[in-house]
There are 2 protein chains.
Amino acid sequence: MTERKPRKDAVRNRAALLAAADALFARCESPEAVTMADIATEAGVGKASLFRAFGDRTGLIRALYEARLEPIRNAVEAGPPPLGPATPPLQRVFALLDALLCFKLDNRHLVLALEGTGSDSPYKAEHYERWHALLKAALEQIPGLTDSGFTAHALLAATRADLVEHLAGHERVPRETMRTQLASLTARVLGTRPLQDSVVEG
Amino acid sequence: MTERKPRKDAVRNRAALLAAADALFARCESPEAVTMADIATEAGVGKASLFRAFGDRTGLIRALYEARLEPIRNAVEAGPPPLGPATPPLQRVFALLDALLCFKLDNRHLVLALEGTGSDSPYKAEHYERWHALLKAALEQIPGLTDSGFTAHALLAATRADLVEHLAGHERVPRETMRTQLASLTARVLGTRPLQDSVVEG
DNA sequence: TTGCAAAGCGGACCCAGGGTCCGTATCGTT
DNA sequence: AACGATACGGACCCTGGGTCCGCTTTGCAA
């Protein structure tokens with residue numbers, strides 16, 4: 001019951017800030033080129049409101065990230081196959097990794113901002129924990145596979161934001177190529193042949 | 001012939017700075033807890049000398065890193081098997097990855113400092129290029145393996161500093177376990193059984 | 001030895017950027 | 001209408017990377 005509904009201007013400002021940050025991160029090449037002051041200004045709001053709403057820079061980026069991730073999160077937690085919980089484990093591993101890769105391709109700047117948020121390693125964020133737990137659980141149901149925990153980490157590492165950025169941006173690897181390669185890698189790790197494409201477009 | 005041999009005090013200071021930085025990074029938990037001023041002070045030297053000697057923070061960290069890496073680099077470029085160039089490709093892949101993992105375990109703080117040096121993604125550093133090229137070349141000689149480039153990236157990603165740090169530090173996974181798991185993962189990726197241990201202790 | 005550039009030194013200084021303070025404006029409730 | 005609570009915003013603080021410049025040291029040469 002510590003719930004105390006926020007004032008209207010507060011929620012409006014919060015929304016404006018999210019939108020502004022989103023726009024700025026999308027527009028600028030490097031995440032650290034966009035400063036907190038920039039975001040506040042873009043939103044037509046004082047800096048203090050920004051910090052009041054999100055705590056600190058990491059909080060803001062996390063909020064953005066979670067918002068963008070929500071559809072996928074829902075699809076994974078309660079949606080139909082191939083992402084939802086009813087999917088057979090093997091197929092789901094492919095679907096999860098593919099969805100994650102597509103998400104990172106579609107949100108390069110934002111994800112880069114989050115993972116490169118300086119100190120806090122990505123492994124401490126709870127959204128990483130979620131993905132890892134999910135993947136690990138799926139892997140554990142695949143017969144003949146050991147080291148589910150480490151394997152999950154390794155597969156997730158193959159979709160790290162800066163790697164994806166490097167491949168997509170610097171080496172100009174096309175999206176479909178990356179998806180195929182990741183699927184093929186996954187198949188080798190799992191000791192299977194790759195399944196056909198499994199997830200919707202981004 | 002633009003070579004102009006540096007003065008004695010300059011080289012002494014440079015050495016002192018390297019030593020100081022090394023000590024400080026080793027001593028402190030988080031790399032960003034140690035500031036440039038700290039390092040200069042520890043070395044008994046002015047801040048300007050520090051920047052004159054290494055350009056900027058990244059330059060210093062890179063210098064430290066290269067110094068530490070040199071033995072391995074030599075072993076890889078001109079040493080005997082299993083690291084040297086005469087090794088059969090398949091065995092060499094295992095050896096390279098194991099050596100890299102051990103190196104990162106033995107130099108956690110330093111490597112963390114380098115890879116987490118804020119903006120510059122690790123993929124732009126030329127030492128990454130070297131590892132990747134090396135691994136890719138070895139992979140290309142393994143029959144039936146496609147996507148050598150991507151596979152090399154993925155395997156290297158499994159040894160990323162912050163992942164290693166997370167596993168070794170936070171999850172308390174023992175060193176030998178990690179080595180085994182990495183070898184096992186590699187074997188699955190390559191479609192082989194793991195070879196026996198391949199490299200010296202760190 | 002002494003002279004004298006050139007190379008190097010160091011700490012005061014600059015600046016950007018994250019985060020806070022506090023007097024003022026707004027909200028929404030009685 | 002009025003008043004407490006809530007939020008606003010821009011001036012302000014502080015840390016930390018990086019630079020400036022007057023002074024010292026080095027090393028070559030006379």
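In this predicted model, the largest cavity holds about 150 Å³ of space. Its lining is made up of 13 residues, and those closest to its centre are A:L100, A:K104, A:E115, A:H127 and A:Y128. Three helices of chain A, namely α5 (89-106), α7 (126-140) and α8 (148-157), each supply at least two residues of that lining, and α7(A) gives the most, with three residues. By class, the lining of the largest cavity divides into eight nonpolar, two polar and three charged residues.

The second largest cavity, with about 130 Å³ of space, is lined by 13 residues, of which B:L100, B:K104, B:E115, B:H127 and B:Y128 lie nearest its centre. Here α5 (89-106), α7 (126-140) and α8 (148-157) of chain B each supply at least two lining residues, with α7(B) giving the most, three residues. The lining of the second largest cavity divides into eight nonpolar, two polar and three charged residues. Counting cavities of 30 Å³ or more brings the number to seven. As background to such counts, rolling a probe the size of a water molecule over the atoms shows where empty space is left.

From the cavities we turn to the DNA. There are 20 residues around DNA strand D, and A:R7, A:N13, A:A48, A:R52 and B:K47 come nearest. Of the atoms of DNA strand D that come within 4 Å of the protein, sugar and phosphate account for 56%.

The UniProt record, an unreviewed entry, places the feature "DNA-binding region" at residues 35-54 of chain A. Over residues 35-54 the chain is 80% helix and 0% strand, with the end C-alpha atoms 14 Å apart. For "domain: HTH tetR-type", UniProt lists residues 11-72 of chain A, again from an unreviewed entry; over residues 11-72 the chain is 79% helix and 0% strand, and the end C-alpha atoms are 24 Å apart.

The backbone geometry remains to be considered. Most residues other than glycine have a negative phi, and most peptide bonds are trans. In chain A, however, a cis peptide bond joins A:P81 and A:P82, with omega about 5 degrees, and A:P82 lies in the loop between α4 (57-78) and α5. In chain B, a cis peptide bond joins B:P81 and B:P82, with omega about 5 degrees, and B:P82 is found in the loop between α4 (57-78) and α5 of that chain.

Which value of phi does B:D147 have? Although B:D147 is not a glycine, its phi is positive, at about 55 degrees; B:D147 sits in the loop between α7 and α8 of chain B and, at 24% relative accessibility, counts as partly exposed. B:R172, also not a glycine, has a positive phi of about 55 degrees. The place of B:R172 is the loop between α9 (161-170) and α10 (175-190) of chain B, and its relative accessibility of 66% makes B:R172 exposed.

Notes. Residues numbered from 1 in each chain as written. Chains lettered and ligands numbered in written order. Predicted model: local features only at pLDDT ≥ 70, side-chain atom pairs only at ≥ 80, totals over all residues. Heavy atoms only, no water. UniProt positions renumbered as here; feature names shortened; annotations may be inferred. Helix = DSSP H or I, 4+ residues; strand = E, 2+ residues; numbered from the N terminus. 1 Å grid on protein atoms, 1.4 Å probe; cavity = no way out; pocket = protein on both sides within 12 Å on 5 of 7 lines; lining within 4 Å. Points joined across faces, edges and corners; volume = space filled by probe spheres on them. Nonpolar A, V, L, I, M, F, W, Y, C, P; charged D, E, K, R; others polar. Near = heavy atom within 4 Å. Buried < 20%, exposed > 50% of the residue type's maximum accessible area, 1.4 Å probe, protein only.
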